[in-house]
Amino acid sequence: MTVDTRPLGRRERNKLDKLARITSAAGELFAERGVDDVTTQEIADRADIGTGTLFLYAKTKGELLLLVQNSMYAEALERSRAAAAEAEAAHDGVLAVIRPVVECNRKQIDNGRTYLREIVFGDPEEPHHREALGLTGQTEQLVVEVLARVEGLSADRAAALARVVSAVMFLTMSATVNAEKSIDEIVDEIAAQLRAILPA
């Protein structure tokens, strides 16, 4: 099988440039004021494109948030992967996976909570939503790898536990009662729940 190594054409480069500008503009505005207080017109203006062009890349503000948060989530997963590789106990390894994800999600709490809502209730056929679900699956797979490596669990048992870990993490981050809690408090709450299910 051959790999196409031809350079990108002008049209593809322009599309990638616009996508980068949109992601940057939306990310800056969402970080400054939160997703609810930003308009798509403001994002288009900051990205120096028309709103019609903006909607070619994301049809709603929710999709724009997914676009922005997905890129941060992907970076967090790289940190998770590196940290988990060093862990020698199941609990420590799973928390090594979780902490960067929590940190990413809590950079702007309202945005993070809206992102989680979009993952759960968004349209799975929409590309940014599909990417978010893929990142969630990668998080669970990292947990599976930790449990298999450290505890020698079967793939089925590790996958079942990883799904529970994911549920605990997402519910703890999205709960309204936790909206004012720090990253450390969120991680501690998750850790306490995981002690009940992970091998000692």
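Mentor: In what follows, Ala, Val, Leu, Ile, Met, Phe, Trp, Tyr, Cys and Pro count as nonpolar, Asp, Glu, Lys and Arg as charged, and the others, Gly among them, as polar. The model is predicted, so local features need pLDDT of at least 70 and side-chain atom pairs pLDDT 80 or more, while totals for chains, interfaces and linings use all residues. Residues are numbered from 1 along each chain as its sequence is written, and side-chain values use heavy atoms, without hydrogens or water.

Trainee: Which residues make the contact of H1 and H4?

Mentor: With contact meaning heavy atoms within 4.5 Å, H1 brings residues including Leu 19, Ile 22 and Phe 30, and H4 brings residues including Leu 64, Leu 65 and Val 68. By class, the residues of this contact are eight nonpolar, three polar and one charged.

Trainee: What makes H5 and H8 roughly parallel?

Mentor: Helix H5 (residues 90–105) and helix H8 (residues 155–174) pack at an angle of about 30 degrees, their axes lying 11 Å apart. Angles under 35 degrees count as roughly parallel, and H5 and H8 are therefore described in that way. Val 94, Ile 98, Val 101, Val 102 and Asn 105 of H5 meet Val 165, Met 169 and Met 173 of H8, a contact of seven nonpolar residues, one polar and no charged.

Trainee: Which residues line the largest cavity?

Mentor: A cavity is a set of points on a 1 Å grid over the protein atoms alone where a 1.4 Å probe fits but cannot get out, and lining residues have an atom within 4 Å of a point. Here Tyr 73, Val 101, Cys 104, Asn 105, Tyr 115, Leu 116, Phe 170 and Met 173 are the lining, and H5 gives the most, with three residues.

Trainee: How many residues of the lining of the largest cavity are nonpolar, polar and charged?

Mentor: Seven residues of this lining are nonpolar, one is polar and no residue is charged.

Terms used:
Helices (H or I, at least four residues) and strands (E, at least two) are DSSP runs, numbered from the N terminus. Axes are lines fitted to C-alpha atoms, for helices over the stretch in contact, and angles run from 0 to 180 degrees between N-to-C directions. Angles under 35 degrees count as roughly parallel, over 145 as roughly antiparallel, 65 to 115 as roughly perpendicular and the rest as oblique. On a 1 Å grid over the protein atoms alone, a cavity is a set of points where a 1.4 Å probe fits but cannot get out, and a pocket is an open set with protein on both sides within 12 Å along at least five of seven lines; lining residues have an atom within 4 Å of a point.
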